[in-house]
Amino acid sequence: MQNQPKQPLEAIVKFFKDKGYYMVLALCVAAVGVSGYLFVRTASDTEPVGEQPTLSVPLTTEKDEETVKPQANQRPVVATDGAEALTEDNMETVQEEQPEVKTITVRPLEGDTVGNYSVDALAYNTTTQDWRTHEGIDIAAAAGTEVVAARAGTVSAVYEDDAFGTTVVVDHGDGYESRYASLNAEPAVAVGDVVDAGDVLGTVGTTATVELAEDSHLHFAVYHNGQTADPEQFLAGA
């Protein structure tokens, strides 16, 4: 009779000894399942499934292209502070407003022309008593009369010519050069001197051996790019 109260307790202990392992295993599986369910539920709430990030790209309209794209015949205009931008129209205006530089020409001295320019026909020379060309003009003047530069330029040569005596050559820088011959032996200029129209080069002499039979005069000749030119046309308007 004293052992009966212990039977239920022994039965429970025996039950847990026999079935306790399986019960603990079942509880672990249930706990893992619940944890997995909660994890998936939380993830699905924070990041929607199936949504992909998108990239927004601004579209260029035809109007924008017309605004940015320059015209084919448009030229860039450069302007500086305080200066008017130059365009084709006002560039032409500026060019038109440039003052024209006029070449000043004067006669080398005042006097009558006693020997004409003649390269297409022969002229009679009273000193040599023959017919020959004459590549200049002879301007009558008394010995000692001042001879001046017909145009501005640089003295490129001073020498004694076998035929035309003491000679001064002025280079005018535009392809033209003028020659002053039969001067007195000591000219007033030297090679390299810069002269203006009207500056004195020397004085009339009688040093041209091929024209000694004539009265005193200046032999004046003009050359353009190395070729003889008509002195009267060079002096036109002087």
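**Close-up views of a predicted model**

**View 1. Glutamine 129 lies in the loop between strand 2 (118-125) and strand 3 (130-134).** Strands are DSSP runs of E with at least two residues, numbered from the N terminus. The model is predicted: local features need pLDDT of at least 70, side-chain atom pairs count only at pLDDT 80 or more, and totals for chains, interfaces and linings use all residues. Residues are numbered from 1 along each chain as its sequence is written, and side-chain values use heavy atoms, with hydrogens and water left out. Glutamine 129 is not a glycine, yet its phi is positive, near 55°. Its relative accessibility is 60%, so glutamine 129 counts as exposed (over 50% relative accessible area; buried is under 20% and partly exposed in between, with a 1.4 Å probe and protein chains only).

View 2. Serine 182 counts as buried because its relative accessibility is 2%.

**View 3. Tyrosine 180 and phenylalanine 220 form an aromatic pair.** Rings of Phe, Tyr and Trp (its six-membered ring) pair if their centres lie within 6.5 Å; planes under 30 degrees apart are stacked, over 60 edge-to-face and the rest tilted. By this rule there are three aromatic pairs. For tyrosine 180 and phenylalanine 220, the ring centres are 5.2 Å apart and the planes are at 50°, so this pair is tilted. Tyrosine 180 is in strand 8 (residues 176-183) and phenylalanine 220 in strand 11 (residues 217-224), so the pair ties together parts 40 residues apart in sequence. Both residues of the pair, tyrosine 180 and phenylalanine 220, are buried.

**View 4. The largest nonpolar core has 22 residues.** Such a core is a set of buried Ala, Val, Leu, Ile, Met, Phe, Trp, Tyr and Cys residues joined through side-chain atoms within 4.5 Å. Tyr180, Leu201 and Phe220 have the most contacts inside this core. At least two core residues come from each of strand 4 (137-140), strand 7 (165-171), strand 8 and strand 11. Strand 11 gives the most, three residues.

Notes
Helices (H or I, at least four residues) and strands (E, at least two) are DSSP runs, numbered from the N terminus.
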